[in-house]
Amino acid sequence: FSFIFPINFLYYCSMKKLLLILLLTTPFIGFGQTAKEYFDKAYSYKENGGYQLAIDNYTKCLKIDPDNVYAYHNRGLAYRKLKNYKDAIADYSRAVRINPDYNGVSFAYYNRGLAYYDLKNYKDAIDDYTRAIRINPDHTLAYYNRGLAYYDLKNYKDAIADYTRAIKIDPDHTLAYYNRGLAYSKSKNYKDAISDYTRVIKIDPDDANAYKKRAFAYSKLKNYKDAIADYTRVIRKNPDDAKTYCRRGRLYHLLKDYDKAISDYTFAVKRSRNYSLAYYYRGEVYLSLGIKNTKKGFDNLAIENYNKSICNFNDAFKKGFADSRNRNNMIFLSRGISYSYVGEHEKAISDYTKYISLSPSPSQGEMVNSSLAYCLRGISKKYMRLDYCSDFKRSCELGDSRSPLLGDRSSCKLYDNECR
């Protein structure tokens, strides 16, 4: 590109004026930004949350300096922040391929492991965390995150081992204690889980999740008193936590403190109107109260309890209980029992039938309830003057069922006495 000026024009212009004209009329050639300038600009954008601008500038840097491993690595970090995990993995891989021994390669493996984990590719994540650990045996985060990947693969033994290594390097690693507690709980080692959650609470006394998990572990050991105390601490910190009211209510129910259980479920539904599980559990408490009052001969009070039980079970369905992930077939058996006690046998038969249809091949743990469902359906059929012997027989085959509804009898005795 050039300019041709008339001789007389040049004659009247000084060299200074000519230089000024050339600078103003020619393109900006030879004064472009350097790779370092693009890199520095990209780094600044990344540190301030401008991830797309960071990516754009790292890309410009790489066009000038295509072997810049740090630009690939940092662009990978920006891609991951934008949840573009595949491109992040590609950039970390390029960095490692260009220079497998560059300063910081352990972080390339570690960060690629994080991206694989984000994609739920836990095996490749574990491989990369392991590579990072080989290069840097004190890489706390690599141990911790490898523990997370092992946990998600349900390999709780190796998860615990990795969390333990992370804790040895960093004794105040709260998340390592917390997640090791989770792994211990999954392994049914509730005592060690409690110990870990207690350590978390000592480091961070406001960690509500640690109290909740410790309460769960206490309840598994049937230490309901300490479990209730932990749930109470959570409620004090967050009075609107409907789920914690519900969990504490379950423990009060197990301790047969029915009034406190009902109170907790009532608080739960006030704070979360569509909390179907709380309605269901409150229905179970009223059923327990009804059976208790029946045994004591307080028939009118018992009928009131059964009707409240039915209302709560119905409310649970209205709030989406059947469609929720908390669905529990026991609601049909429990509502059927309440219907039986108030003499609504046609509705009781319908609920028992529903329960049975949802458990056509009961497991060992379900056989007791399945036997009871057949037996109680047989009794309701007897009241309705329907064929009931096949139900008594099936109940007896599943296990000799007993219930307050049967008095001193059992399903096998009923079958022997009335059907043979």
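## Burial and overall architecture

A residue counts as buried when its relative accessible area is under 20%. In this predicted model, buried residues make up 46% of the chain, which has 420 residues. The secondary structure comprises 23 helices and zero strands. Among contacts with a sequence separation of 6 or more, 47% are between residues 24 or more positions apart.

## Confidence

The chain has a mean pLDDT of 89, and 89% of its residues reach 70 or more. Residues 1–31 have pLDDT below 50, and beyond near neighbours in sequence this stretch has 11 contacts in the model.

## Aromatic pairs

The chain holds 16 aromatic pairs, with ring centres within 6.5 Å as the criterion. One of them joins Tyr-245 and Phe-267, whose rings are stacked with a centre-to-centre distance of 5.3 Å and 20° between the planes. Tyr-245 belongs to helix H15 (residues 242–254) and Phe-267 to helix H16 (residues 258–271); the pair thus links distant parts of the chain, 22 residues apart. Tyr-245 is buried because its relative accessible area is 6%, below the 20% cut-off. Phe-267, by contrast, has a relative accessible area of 32% and is therefore partly exposed.

Tyr-306 and Tyr-341 form another stacked pair, with centres 4.3 Å apart and planes at 5° to each other. Tyr-306 lies in helix H18 (residues 299–318) and Tyr-341 in helix H19 (residues 330–341), so the pair ties together parts 35 residues apart in sequence. Both partners are buried: Tyr-306 has a relative accessible area of 1%, and Tyr-341 has a relative accessibility of 15%.

An aromatic cluster is formed by Tyr-265, Tyr-280, Tyr-281, Phe-313, Phe-317, Phe-321 and Phe-332.

## Packing of H18 against H19

The helices that carry Tyr-306 and Tyr-341 pack at an angle of about 145°, with their axes 9 Å apart. The crossing of H18 and H19 is left-handed.

On the H18 side, the contact involves Ile-303, Tyr-306, Ser-309, Ile-310, Phe-313, Asn-314, Ala-316 and Phe-317. These meet Ile-331, Phe-332, Ser-334, Arg-335, Ser-338, Tyr-339 and Tyr-341 in H19. By residue class, the contact of H18 with H19 divides into 10 nonpolar, four polar and one charged. The stacked partners Tyr-306 and Tyr-341 are among the residues of this contact.

With a relative accessible area of 0%, Thr-244 is buried. Leaving aside neighbours within four places in sequence, Thr-244 is in contact with Lys-212, Tyr-231, Val-234 and Ile-235.

Tyr-374 is located in helix H21 (residues 367–383). Tyr-374 counts as buried because its relative accessibility is 16%, under the 20% limit. Not counting residues up to four places away in sequence, Tyr-374 touches Ile-356, Asp-391, Arg-394, Ser-395 and Leu-398. The C-alpha atoms of Tyr-374 and Ser-411 are 8.8 Å apart in space, while the two residues are 37 residues apart in sequence.

Methods. Residues are numbered from 1 along each chain as its sequence is written. This is a predicted model: local features need pLDDT of at least 70, side-chain atom pairs count only at pLDDT 80 or more; totals for chains, interfaces and linings use all residues. Side-chain values use heavy atoms; hydrogens and water are left out. Rings of Phe, Tyr and Trp (its six-membered ring) pair if their centres lie within 6.5 Å; planes under 30 degrees apart count as stacked, over 60 as edge-to-face and the rest as tilted. Helices (H or I, at least four residues) and strands (E, at least two) are DSSP runs, numbered from the N terminus. Buried means under 20% relative accessible area, exposed over 50%, partly exposed in between (1.4 Å probe, protein chains only). Axes are lines fitted to C-alpha atoms, for helices over the stretch in contact, and angles run from 0 to 180 degrees between N-to-C directions. A crossing is left-handed if the near helix is turned anticlockwise from the far one by less than a right angle, and right-handed if clockwise. Contact means heavy atoms within 4.5 Å. Ala, Val, Leu, Ile, Met, Phe, Trp, Tyr, Cys and Pro count as nonpolar, Asp, Glu, Lys and Arg as charged, and the others, Gly among them, as polar. pLDDT is the predictor's confidence in each residue, from 0 to 100.
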